[in-house]
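Hi,

Here is the structure we discussed handing over. Please look through it before reading on.

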Amino acid sequence: MRLTTLEFWAMNNPVRRCIQKRFEFRLFQEMGLTRPGKRILEIGCGSGYGARLLSTIKPASYVGIDLMPEQIERTKGIDLPNTEFAVMDATDLSAFEDASTDYVVVFGILHHIPAWKTVLSEIERVLAPGGSLFIEELQKASTKMIDRLFHWHVPEAGFSYAEFETGMMDAGLEVLETRAYGFFNSYCAQKPDNQT
Ligand SMILES: C[S@@+](CC[C@H](N)C(=O)[O-])C[C@H]1O[C@@H](n2cnc3c(N)ncnc32)[C@H](O)[C@@H]1O
């Protein structure tokens, strides 16, 4: 779903970047997002600040996708090795082959997408066996509070954390770790490697 003008502004300012760097990325690192040489797909990459953070772990490659052309337009000045950005809907990742990614990273997107279960299935498909999903999300109880003031989320979107965790398991992902941070939950989930 496209962001409202106000949320677009809220996502593209120094305060948001500070939170993303000091809390959200740090939590993902504590949960294991540290290994260099991985193929990374970031879903809902916005204007590309996540790419800058993720470049510090020296990935083999990084692709950031976002639904909004206005966000991808803002990534134009980013000059990082083996890095690409594309306008794409997360519910259809058919541009990526099965098992083509080692890490999928999501900084708070799926609570905007009514078909969030489809996105989880697509994530499972593109992850290589043993690959990891690092995802932070906000549950519906919290988005409803925000929407009393701002109307940022479509009513058809959203889930409780219990529903979200079940959704990851139904998609074939194993939840390895959960951390609560303010109103957000961060997860590390893995696509099982049945050969190990
Ligand atoms: C809350 S913003 C977060 C942006 C960025 N990850 C950050 O943390 O600052 C949600 C982002 O998800 C994108 N988005 C929403 N629905 C999407 C979809 N179906 N496919 C891909 N991106 C989507 C929006 O355009 C927006 O950039």
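Below are the notes on the ligand site and the salt bridges.

This is a predicted model, in which local features need pLDDT of at least 70, side-chain atom pairs count only at pLDDT 80 or more, and totals for chains, interfaces and linings use all residues. Residues are numbered from 1 along each chain as its sequence is written, and side-chain values use heavy atoms, with hydrogens and water left out.

Ligand site. The ligand has 20 residues around it, and M1, R16, G44, D66 and A90 come nearest (near: a heavy atom within 4 Å). By class, this shell holds 10 nonpolar, six polar and four charged residues (nonpolar: Ala, Val, Leu, Ile, Met, Phe, Trp, Tyr, Cys and Pro; charged: Asp, Glu, Lys and Arg; polar: the others, Gly among them).

Polar contacts (N or O atom pairs within 3.5 Å). The side chain of D89 puts an N or O atom 3.0 Å from a ligand nitrogen. A polar backbone atom of L67 is 3.1 Å from a nitrogen of the ligand. For F107, a backbone N or O atom lies 3.4 Å from a ligand nitrogen. On its own the ligand has 600 Å² of accessible area, and the protein covers 97% of that (Shrake-Rupley method, 1.4 Å probe).

Salt bridges. The whole structure has eight (a Lys or Arg side-chain nitrogen within 4 Å of an Asp or Glu carboxyl oxygen). One pairs R125 with E122, with the closest N and O atoms 2.9 Å apart.

Best regards

Note on methods: Polar contact = N/O pair within 3.5 Å; in protein donor to acceptor, adjacent residues only side chain to side chain.
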